[in-house]
Amino acid sequence: MRSAGDLVARVQLSKKLRIGEAKKYVADKLRVGVKELSDPVIMSEVRADLGFGIMMPLGGTPKGLECKFNIARVLDLDINCLNRFKRMAGL
Amino acid sequence: MSKIFTRMGDGSPLEMTESELRQDLEDGVAEAVEKAEVPPLSSDEIQYLVDLFKREDRIVGVEPGKEIVLSYDAATLKIKRHSLFEDRVNCLAIYERLLGADTLELCHVDYSYKPLKPIISYEQATMEQALAATHSPMFYGAMPNLGLYTQPDGPFPNPMELLPMGKIKEGRESYDRMVESAVEDICFIAEAMHESGADGINLDTVGASGDPDFKASLMATERIRAKFPDYGIEMGMAGEFVLGMHGEMFHDGTRLAGLYPRDQLRLAEKAGVSIFGPVVNTNANESVPWNLARTIAIIKPCSEEARIPIHANMGMGVGAVPVTDYPPVDVVSRASKAMVELCRLDGL
């Protein structure tokens, strides 16, 4: 969460992509350069803008499941716990 | 000539000349070539390692653009191991938001699938709470640990007691029944955790009980994958070499005993694993350069052939990291950098 490792890991896990392809997938979706994915200053701003969750999530910022909804939408991923959340909440 | 500082495989400090360093690197590769039947490293790769160990920096890192994912097994267990009595949901948030972990893993202190069945409802509730409070991909992890299936702890006769009595057939039959039972347990837990919203299941320390342990993991993977095509399945191995405790156990026509990482990967990939974690064990009686050269020579063909992400195991006692509870950052960072850059790994 300091940069984009959790996002790249999520793509690796759900799409079985190797590191180069997974990084490119995330960078393209976020509209940043691949090298920027590991920059904590740039990525903290990108994450805050997109509501992906940051290391110090103070009041008024999205947290936990709220961020996962944003991650799923922007990265075009299916996240298992969100399906459960919708099922349990009757959404 | 100035000496090069490095360490033995037990972590103790060691000084070598450049020629001693080069000799250890070449000996490590030769050992890998002989035992694992892998190609040797090139002269450029040996020179890369010589230059790496000659650097006087305390910590080294990969070149920009070569950063990889850092995944973690048994996160909640490791907080407890430090006698920090923190709630497991908080442990995972600490891993994510203080330690910067890229993946999370909820686990129970027993860390084996079999004892989880009676307490699964409690584990599911914790998983559901943890998923609501964190952001990174979340695994539930445990070991197949076939050792728990033998009498007196489990229901089946112990092959290690049967074999010395010459009861080889009975011992193998017992292993066959243990495999069936372990597959049921792993699938039961995996399904429950999928229902609770987990991103994936981690089969950790696979092969610790030899070829039956690996067989159970492959069968469970196939069954989980058939039922949940999008579920993450990580398989981390226990050792570089599958021990032939049964000896005649096959999967897809391949004998499991004696398989090294490249052949382990082929079966894991075909079974439906999402991320594979190969292991090379550290020899405490040899130097870190010897261990690292040997590790790279064994892991490189596995990573080159893989179509799925490879997260090599790098920690105390594996991946050329010394066998000590306090791995020194000088050799850990050198081993990590070389493994990523020479083996083209996707994660550690």
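B:Leu218 touches B:His251, B:Leu267 and B:Ala271 when residues up to four places away in sequence are not counted, two residues being in contact if their C-beta atoms, placed from the backbone, lie within 7 Å. The model is a predicted one, in which local features need pLDDT of at least 70 and side-chain atom pairs count only at pLDDT 80 or more, whereas totals for chains, interfaces and linings use all residues. Residues are numbered from 1 along each chain as its sequence is written, while chains are lettered from A and ligands numbered from 1 in the order in which they are written.

B:Leu218 lies in helix H8 (residues 211–227) of chain B, where helices (H or I, at least four residues) and strands (E, at least two) are DSSP runs numbered from the N terminus. With 26 other C-beta atoms within 10 Å, B:Leu218 is buried, a class that requires 20 or more other C-beta atoms within 10 Å of the residue's own, as against 12 or fewer for exposed and values in between for partly exposed, with C-beta atoms placed from the backbone. Between B:Leu218 and B:His251, the separation is 33 residues in sequence and 8.0 Å in space, C-alpha to C-alpha.

Strand E4 (residues 138–142) of chain B is largely enclosed by the rest of the structure, because five of its five residues are buried. On one side of E4(B) the buried residues are B:Met138, B:Tyr140 and B:Ala142, and on the other they are B:Phe139 and B:Gly141, so that both faces are covered. E4(B) runs parallel to strand E3 (residues 104–106) of chain B, to which three bridges join it, and pairing requires that DSSP find at least two bridges between two strands. The chain passes from E3(B) to E4(B) through helix H5 (residues 120–133) of chain B in a right-handed β-α-β crossover, meaning that, with the strands pointing away from the viewer, the path from the first strand over the helix to the second runs clockwise. Strand E5 (residues 200–206) of chain B is likewise parallel to E4(B), with four bridges joining them. B:Tyr140 stands opposite B:Leu106 and has B:Ile201 as its bridge partner in E5(B).

Chain A has five helices and zero strands, and its C-alpha trace spans about 40 × 35 × 15 Å along the principal axes. Buried residues make up 38% of the 91 residues in chain A.
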